[in-house]
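Student: I have a structure open and would like to learn how to read some of its features. Can we go through them in turn?

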Amino acid sequence: MKFLDLAKVYIRSGSGGGGAVSFRREKYIEYGGPDGGDGGNGGSVIAEAIEGLNTLIDFRYQQHFFAKNGTPGMGQQRTGPSGDDIVLRLPAGTEILDEDEETVIADLAKVGDRVVLAKGGNGGFGNLHFKTSTNQAPRRANAGQPGIERTIWLRLKLIADAGLLGLPNAGKSTFLAATSNARPKIADYPFTTLHPNLGVVGVDNSEFVVADIPGLIEGAHEGRGIGDRFLGHVERCRVLLHLVDGTSEDVAADYATIIGELEAYGGALAEKPRITALNKIDALDEEEQAEKIAALEVASGGRVYAMSGVSREGLTPVLRAVRSEIDAGRKAEAALEAGEEEGPQAWHP
């Protein structure tokens, strides 16, 4: 399945049906009076997050979604049927943006989240509604309200527990392939990964989802390279695993480049918990390994793990550290939700 994380969509809700102008005409009833029914409501355009999707590829081939119009009213006080709604089925984690690509209309973060994007027009009143004591035979009815037409953008941000960061060719895809059943493309050249990959990683009888995004380069937040398009996919992660290429000449500069891009991107991305790991230690001797770990510890101000996705050396401690941060994030979220549900406590003197 091809990956697509941005799509432009045109939607239109249905117009309401017009009310009917009709009079009761039956044998032996000379003055039957008005009996025009109301028009049916137009269908709405609804977006819903469903399970089992992780791409917007369907919206590359179908970009127009129009709900049905309501049916006009009929005589004998019969209301016209309402138009059918149309539902856009989206992957969880999809943001819906206005035409300017900046204004967020809705954020469908969880499966089951649902929002009405364009409400159908109301049906018009039939002439039965306009009967008064002074006007017993009204010959007017309302037209239905028109539907709403708008252009929206769908932007997918994958929902993963952990996100992989690093320069191109830092070994992120190799790490994902070594620790999960995911089979990303792996090769010895930069920008091998062109689309995000998801993998389910297990350690100590616990599983979590890891997202591998294309590598970042300096100036990515300004549009250089391709990684800036995919930084949004790690916005929802609880922890970031920063892999630094151990074969690089200046690991501290590589580390600073990625951190600078995170800070320039904005939002809470730079403040997320980070775990730093020196990758490709199988290509280093002990002296080089110690020297580069020391340089990274100075640059990051914290612990640096040593690992190799190829030889699988040091993977378990890294995965345990990632899982520990994920568990801490889940507990914090659960405590926050519990506090919101309880609400403010009443004060008793």
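Student: Which residues of helix 2 are buried?

Tutor: This is a predicted model. In helix 2, the buried residues are Lys172, Ser173, Thr174, Phe175, Leu176, Ala177, Ala178 and Thr179. Helix 2 spans residues 172-179 and is mostly covered, with eight of its eight residues buried.

Student: How do helix 3 and helix 4 pack?

Tutor: Two packed helices are described by the angle between their axes and by the distance between those axes. Here helix 3 (residues 251-265) and helix 4 (residues 286-300) pack at an angle of about 35°, and their axes are 8 Å apart. Their crossing is right-handed. Helix 3 makes the contact through Val251, Ala252 and Tyr255, and helix 4 through Lys292, Ala295, Leu296, Ala299 and Ser300. Sorted by class, the contact has six nonpolar residues, one polar and one charged.

Student: How many aromatic pairs are there?

Tutor: A pair of aromatic rings is described by the distance of the centres and the angle of the planes. The count here is one aromatic pair. The ring centres of Phe59 and Phe65 are 5.7 Å apart and the planes lie at 55°, so this pair is tilted; an edge-to-face pair would need an angle over 60 degrees.

Student: Are Phe59 and Phe65 buried or exposed?

Tutor: Both Phe59 and Phe65 are buried.

Student: Where does the charged end of Arg12 sit?

Tutor: The charged end of Arg12 sits over the ring of Phe66, at 4.0 Å from the ring's centre. Arg140 lies over the face of Phe130, 4.0 Å from the ring centre.

Note on methods
Residues numbered from 1 in each chain as written. Predicted model: local features only at pLDDT ≥ 70, side-chain atom pairs only at ≥ 80, totals over all residues. Heavy atoms only, no water. Axes fitted to C-alpha atoms, helices over the stretch in contact; angles between N-to-C directions. Helix = DSSP H or I, 4+ residues; strand = E, 2+ residues; numbered from the N terminus. Left-handed = near helix turned anticlockwise from the far one by under 90°. Contact = heavy atoms within 4.5 Å. Nonpolar A, V, L, I, M, F, W, Y, C, P; charged D, E, K, R; others polar. Phe/Tyr/Trp six-rings, centres within 6.5 Å; stacked < 30°, edge-to-face > 60°. Buried < 20%, exposed > 50% of the residue type's maximum accessible area, 1.4 Å probe, protein only. Lys NZ or Arg CZ within 6 Å of the ring centre and 35° of its normal.
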